Each structure stands twice: as structure tokens, then as C-alpha cells.
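Subject: Structure handover

Hello,

Here is the structure I promised to pass on. Please open it alongside this note. My findings follow below it.

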Amino acid sequence: SSRFGSSDLAHSVGGSLSGFDQSIMVKDVQVDANQAQKTPLVAEVPKSGLEKKVVSYGSIGTTTATGIAAIPAVCVCILMVELCERLAFYAFTGTQEFFLEHLGYSLSEAGGINAAMGSLCMSWALFAGWTADVGLGRYLTILVFGLIYAAGAIVAAMAAWPSWESARAYLVGVMVLVPIGTAGIKANISNFGADQFDTSDPVQKAAQEKFFSWFYLAINMGSAVAYGYLTTMGSNGGLGVPKMYGYFAVYSIAALCMLLAVALFRSARLRYRVQPILPRSSLGCVSAYVMASARKGSRVASTFVVGIILLAAGVVFSVIQAILPQASFAGYLTGSAFVCSAVGVAAIIYTCSDATWVVDVPSEPLPAADVRAFLQLLPVLFVANLAFSALYNSMQFWYQQQACQMDLRIPFAANGAQFSGSFFMIADCLGIVLAT
């Protein structure tokens, strides 16, 4: 129980922090709507600070149609990337516990690794957001991290080949490469889609709203396919694939989907609207304000910094404990992860309830008022995420394992095949589709 508790808490904390860099939104400099039909535009020099200008346009066309035709054609590529990525991701998370048990891991050990993978995905999103802001830009970040994701899926598929099943290779794929890859995509793909619209044009602003409806549909279509069929295929085989090759087939499908996603994304590279790289990231600005406040003697600022460090330590401890559950110090790591995460969350909630301790730093392009507003939002984000994730993650861990104690035989199946324990998470996907 303690293993799941520490990992779930780290997952919740990671989910909160993944929005850290994305929550400071800087308004784009809008381009005249009449220019939106021209391709390409002459590149413009970005202004100082964090203000952005559009560097290039794709041919985005008119957006007076309805349905999927109401959004630019390049956004269809973005939607397909999200669909394929979610299909691959949930194919891994929905089969991971069962495959690890197949390799000899205990139920608690397999569950701990599954939860730790989620923590890593959320934690890497911070780095991915920073990379897109001040390093590679959103387009290249998605492309490069997508290739890393595909490489991880290929490694996992090779590790599931029946005559060469390797837990070590599998963990390299799904605990190192896949979390890095999915973080790069998830931290940037929705913002990159929003970049394709000129919101100064009311028609395109309405089209942007339609895009996000299709975006959520793409997420849940991918996850529905993964949970609705691929997870069961992993444990039973299907479509002519023998049972012993089930996991290999599922991970190979995930790898092919990611290769297809990367190819589709790159195919429209000349038509995307691309934002310039920022001279400084939002996360860097917030950090500068906090450190300046701490250097001027603010104990509240110092407490906030300690809270962030403790949170990071909690994630690290929980991941190490999940990977090395048999180590003599594993029990100490579990307790340390819980204490560090709990104290870190408490410190952040307390210090950010009133962010008047933030001092002005004139050299930073982000106004101090915006930094204070962001920090004061963190208590709501942390409390809401912890409450929501404690319940939501039960589907992926507790309920999934409870299902394994039930009669899951597929009706009319000739070979006695059973639904995977994670099959029933398809209800979550269908519920979101209906609600949106």
C-alpha cells in the first residue's frame, strides 16, 4: 500500500508541476487577418522581452466551414499526432502491470513501476516546456521528442519478443525513453495547435475553439482504441496473432503509430505557423523573482524554494523505490518520498496563499504582478490535483487490479479469452467524448 501511495502522490504532484511553465501565458502579437491568406510572410524581428511575433505562416485557408472542415488542414496533422501518441501511451500503461507480472514481478512491484512511469512523464514536462520556449521551439521539440518516443516504443517491442523477453530493455524503453517523449509532445502539442490560428479574426477564434473540441476527441479516440482492444490483445492475442506474441504485437503497433505520427507531423512542416524562440522562459522568470525575494531576506520565499526541492526529492525517491523494490533501503525511500512530498506540498500551499512577498525585478520581462498571480494560483492547482488524482488514478491501479479478481471471460469467445483488467477504463474515454 505504501508503494502505491508514494507513487500516486508523486504522480499528482507531477501533474500539478507540469503546468508550471505552461500557466504563464504570454499574449501573442496578432497579425492582421488579411495577411492570414498569404504564404509565406516575410519574417519579422521579434520585439524585446517575452513578446512574440509570428515568423511564418502556413496556408491556413478560410475557416467558415463546419465540423472538421472548419479548422486548417495542418491542424489535422496535429490531431493525428495526438491520437497516435495517446493510443501508444495508453497501450503501454494499460498493459504494463500485466506484462511485468508476466516477467516475474509481483503485483505491488508492477503497480509501483506503472505509477512511477506516470510521475516521470509529468516531471519531464517541465523540461520539455522549457526546451520549447528557449531551446528548440515548439515544432522541433515535438519532432525530436516524438522520435525519442518512437525509439522507446521500438525498444519495448523488442523486449517483448517471446524468445528474448528482457525486463531491463523493457524498462529502458518505458521508464526512460517513452516518458521523455510523451512529455515533449504533451507539454507543447496543444499550444502548437493554438498557434495555427490568428485570434484577432473572430472567425479563426471560433475555429480555434472547434480545434480544441476535436483535440479532446482525438485524445479519447486514441485511448479508447488502446483500452478497448489493444490491452486485451496483449494478454490474449488476436487478429491472427498468437497469445504468446500479444504484447510484442501491441508494442509494435504503438511503435508504428508513433513513427506514423512523426512522419505526418513533419510532412506539414512548411505550412505551420511557427512562433520564435523566446529570449527567456516563463519558468526562468518566475524562478528569478523567487530567488531575488529569497536573497533579500524573505523567509517565505526561502520556504517556497525548500518546498520545491522537497517535491523534486519526493519524486526521485518514489521512482528509485519503484525500480529497486527489493533493495534493503526501499522501505526508507517509501517513507522519505511520502514525507518529502507532503511537506513540499504544504510549504508551497502555505507560501503561495499570499504572494505579496515577491519583490520587483525590473530586469525581468515578466511583470511582478503576473508572477504573484501565478503563484497564488498554485494552491488551487495542487489541492484540486491531489483530490482529483487520488480518485482518478484508482481506475488505473486499484480498480484495474480488482477487475483481475473477477470473471472477465469474453462472451462467445471460443478459446476462453478474457478482457484485460484495464479494458473497463474505456468507460472514462466514452464519458469524456459524450461530455465534450
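First, a definition: buried means under 20% relative accessible area, exposed means over 50%, and partly exposed lies in between (1.4 Å probe, protein chains only). By that rule L256 is exposed, because its relative accessible area is 58%.

Two notes on the source. This is a predicted model, where local features need pLDDT of at least 70, side-chain atom pairs count only at pLDDT 80 or more, and totals for chains, interfaces and linings use all residues. Residues are numbered from 1 along each chain as its sequence is written, and side-chain values use heavy atoms, with hydrogens and water left out.

Overall make-up

The protein has 14 helices and 0 strands. Helices (H or I, at least four residues) and strands (E, at least two) are DSSP runs, numbered from the N terminus. Of the 436 residues in the protein, 51% are buried.

The surface patch

L256 sits in helix α8. L256 also belongs to a nonpolar patch on the surface, together with I154, M158, W161, W164 and L259. Their accessible area together is about 600 Å². Such areas come from the Shrake-Rupley method with a 1.4 Å probe, and for residues only the protein chains shown count as cover. Patches are made of residues with over 30% relative accessible area and no salt bridge; like charges are joined within 9 Å, and nonpolar side chains (Val, Leu, Ile, Met, Phe, Trp, Tyr) within 5 Å. Which helices each supply at least two residues of the patch? They are α4 (137-159) and α8 (246-267).

A helix pair

Two packed helices are described by the angle between their axes and the distance between the axes. Helix α10 (residues 299-323) packs against helix α11 (residues 330-352) at about 150°. Their axes are 7 Å apart. Axes are lines fitted to C-alpha atoms, for helices over the stretch in contact, and angles run from 0 to 180 degrees between N-to-C directions. α10 and α11 are therefore roughly antiparallel to each other. The cut-offs are under 35 degrees for roughly parallel, over 145 for roughly antiparallel, 65 to 115 for roughly perpendicular, and oblique for the rest. The crossing of α10 and α11 is left-handed. That term applies if the near helix is turned anticlockwise from the far one by less than a right angle; clockwise is right-handed.

Salt bridges

Side chains of opposite charge can pair when their charged atoms come close. The whole structure holds 6 salt bridges. Each is a side-chain nitrogen of Lys or Arg within 4 Å of a carboxyl oxygen of Asp or Glu.

- K186 and E82 meet at 2.6 Å, N to O. K186 lies in helix α5 (residues 167-186) and E82 in helix α2 (residues 73-102), so the pair ties together parts that are 104 residues apart in sequence. K186 is partly exposed at 31% relative accessible area, whereas E82 is buried at 0%.
- D195 pairs with R138, the closest N and O atoms being 2.7 Å apart. D195 is in the loop between α6 (189-194) and α7 (202-236), and R138 is in helix α4, 57 residues apart. D195 is buried at 5% relative accessibility, and R138 is buried at 13%.
- R409 and D407 meet at 2.8 Å, N to O. Both are exposed.

A loop residue

L239 lies in the loop between α7 and α8. Its phi is near 55°, a positive value in a residue other than glycine. L239 is exposed, with a relative accessible area of 75%.

Best wishes
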